[in-house]
Amino acid sequence: MRPMQHSSKLANVRYELRGPILHAAKQMEAEGHRILRMNLGDTAPFGLEAPESIVVDMIHHLRGAQGYSDSKGIFSARTAISQYYQTKGLMQIGVEDIFVGNGVSELISMTLQAFLENGDEVLIPAPDYPLWTASVTLTGGVPVHYLCDEDRSWWPDMADVEAKITAKTRAIVIINPNNPTGAVYPRHILERFVELARKHDLVIFSDEIYEKILYDGHEHIHMASMSDDVCTLTFSGLSKAYRMPGYRAGWVALSGPRAAMADYKESLELIASLRLCSNVPAQHAIQTSLGGYQSINDLTKPGGRLREQRDRASELLNALPGVSCVPAAGAMYLFVKLDADLYPIDSDEEFVIDLLRDQKILVSHGTAFHWPTPDHFRFVILPSVDDIEEAVRRISTFLAVYRRKAALGRTGSPETALRE
């Protein structure tokens with residue numbers, strides 16, 4: 001039998017958050033090693049669980065959730081989402097403008113499939129959440145990365161954004177709050193995005209899954225609130241703020257000029273119908289989640305668990321020689337920089353694998369997020385303060401050896417020398 005070969009569409013697709021490094025960690029765990037995982041934004045392993053009222057409400061609706069739902073989502077969930085946005089001043093978002101999906105991840109693929117032609121370019125931040133780049137590639141589009149500026153709170157470099165726009169550019173992706181940097185964008189940045197979208201007739205895809213995870217009084221501004229005349233897709237869901245990543249409940253809201261979006265909306269309805277519907281039991285959690293008391297605020301305020309973990313991680317990492325990170329304004333990550341003079345890294349993937357093997361700690365390398373140079377890694381702040389302190393201690397031990405090897409100028413890369 002002729003061997004089955006993968007599709008050529010996968011030639012430039014990467015999702016290294018679950019790639020070779022994670023496979024190496026699983027192999028080590030199978031051999032009996034305990035790995036300290038600081039790599040993925042999954043709340044459940046760290047005891048950050050969904051509010052009990054949401055779980056109870058979903059259980060209550062289980063018997064009535066055995067069949068298919070409307071392909072766009074159950075009416076009560078879409079109504080709750082519409083009403084939530086209307087309380088934020090987005091009066092134009094109605095029930096029929098909402099599509100519910102199996103998390104934002106599914107909706108990213110669906111919305112791009114309904115929109116892109118082969119060769120269309122989409123602007124995506126660097127660093128990014130890599131699913132955006134992968135999904136654009138799989139749908140025949142061309143991802144073009146605009147840089148975010150570490151020296152300016154990781155805000156997008158708007159001059160670079162504009163310089164990357166060509167006649168083939170169709171859309172701009174904005175991730176706010178940002179994964180992996182934790183940046184939260186101020187109004188003047190969002191206004192500039194709107195100006196560029198208006199000038200060049202671009203659609204805005206705004207990933208706002210971390211919109212409720214904010215620190216130090218930072219304000220999240222919905223991209224859709226910035227204009228009535230720019231076609232905007234707003235993505236959010238229950239995975240992060242409500243600690244329900246495994247339930248797979250997300251949504252996208254369409255806003256902007258209705259006539260301009262009519263054909264696209266019809267195409268998106270077709271694609272939603274082709275997958276029948278999203279997970280129905282989880283849809284019943286949406287209404288309860290969006291209404292009433294928002295427990296995430298207890299975790300992010302001064303003294304709250306996420307706030308304390310962010311503060312301690314930032315403090316300890318910034319105290320290491322040649323290591324720096326901008327304290328996250330939102331989300332659940334730090335994007336940590338290594339001084340290239342102290343740590344001359346050729347491959348950050350090899351660097352992270354060596355760290356894993358030597359210190360039994362797992363982080364994500366920066367180029368996995370399409371950062372152009374191998375000098376960053378992402379550090380998740382979900383583990384307890386004790387685990388964060390232990391993780392930074394192991395990183396410190398590893399880096400001390402790395403600096404000595406680099407200073408000795410041994411033959412071969414420092415990564416190779418560490419294995420000797």
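Phenylalanine 193 is found in helix α7, where helices (H or I, at least four residues) and strands (E, at least two) are DSSP runs numbered from the N terminus. The structure is a predicted model, in which local features need pLDDT of at least 70 and side-chain atom pairs count only at pLDDT 80 or more, while totals for chains, interfaces and linings use all residues. Residues are numbered from 1 along each chain as its sequence is written, and side-chain values use heavy atoms, with hydrogens and water left out.

With a relative accessible area of 0%, phenylalanine 193 is buried; buried means under 20% relative accessible area, exposed over 50%, and partly exposed in between, for a 1.4 Å probe and protein chains only. Apart from its neighbours within four places in sequence, phenylalanine 193 is in contact (heavy atoms within 4.5 Å) with Tyr146, Pro156, Met158, Val161, Ile172, Ile174, Ile204 and Met223. Serine 295, which is 102 residues from phenylalanine 193 in sequence, is 32 Å from it in space, C-alpha to C-alpha.

## Nonpolar cores

A nonpolar core is a set of buried Ala, Val, Leu, Ile, Met, Phe, Trp, Tyr and Cys residues joined through side-chain atoms within 4.5 Å. The largest nonpolar core has 108 residues, and those with the most contacts inside it are Trp132, Phe205 and Phe379. Helix α13, residues 385-408, gives the most to this core, with 7 residues. A second, separate core of 28 residues includes Cys148, Val161, Ala183 and Ile221.

Phenylalanine 379, when its neighbours within four places in sequence are set aside, is in contact with Met38, Ala313, Leu317, Met332, Tyr333, Leu334, Val336, Val363, Ile388, Ala391, Val392 and Ile395.

Helix α1 covers residues 20-30, and within it Ile21, Leu22, Ala24, Ala25 and Met28 are buried. Seen down the axis of α1, these buried residues fall within an arc of 155°, so they line one face of the helix; the arc is that of the directions from the helix axis to the C-beta atoms. The buried residues of α1 pack against β1 (36-37), α12 (348-359), β12 (361-362) and β13 (364-365). Glycine 32, which follows α1, has a positive phi near 105°.

Asparagine 39 lies in the loop between β1 and α2 (52-60), and at 4% relative accessibility it counts as buried. Beyond its neighbours within four places in sequence, asparagine 39 is in contact with Leu22, Leu362, Val363, Ser364, Arg378 and Val380.

## The second largest pocket

About 290 Å³ of space lies in the second largest pocket. Of the 17 residues that line this pocket, the closest to its centre are Asp201, Leu202, Val203, Cys231 and Ala260. On a 1 Å grid over the protein atoms alone, a pocket is an open set of points where a 1.4 Å probe fits, with protein on both sides within 12 Å along at least five of seven lines, and lining residues have an atom within 4 Å of a point. Grid points are joined across faces, edges and corners, and the volume is the space filled by probe spheres set on the points.

At least two lining residues are supplied by each of α7 (187-200), β7 (203-207) and α8 (258-274), and α8 gives the most, with 4 residues. By class, the lining has 12 nonpolar, no polar and 5 charged residues, where Ala, Val, Leu, Ile, Met, Phe, Trp, Tyr, Cys and Pro count as nonpolar, Asp, Glu, Lys and Arg as charged, and the others, Gly among them, as polar.

## Backbone exceptions

Most residues other than glycine have a negative phi, and most peptide bonds are trans. A cis peptide bond joins asparagine 176 and proline 177, with omega about -5°, and the bond from asparagine 179 to proline 180 is also cis, with omega near 25°. Proline 177 is found in the loop between β6 (169-175) and α7, and proline 180 lies in the loop between β6 and α7.

Serine 153, although not a glycine, has a positive phi of about 60°; it is found in the loop between β4 (142-149) and β5 (155-156) and, at 37% relative accessibility, counts as partly exposed. Alanine 331, also a residue other than glycine, has a positive phi near 65°. Alanine 331 is found in the loop between β10 (323-325) and β11 (333-338), and it is buried, with a relative accessible area of 0%.
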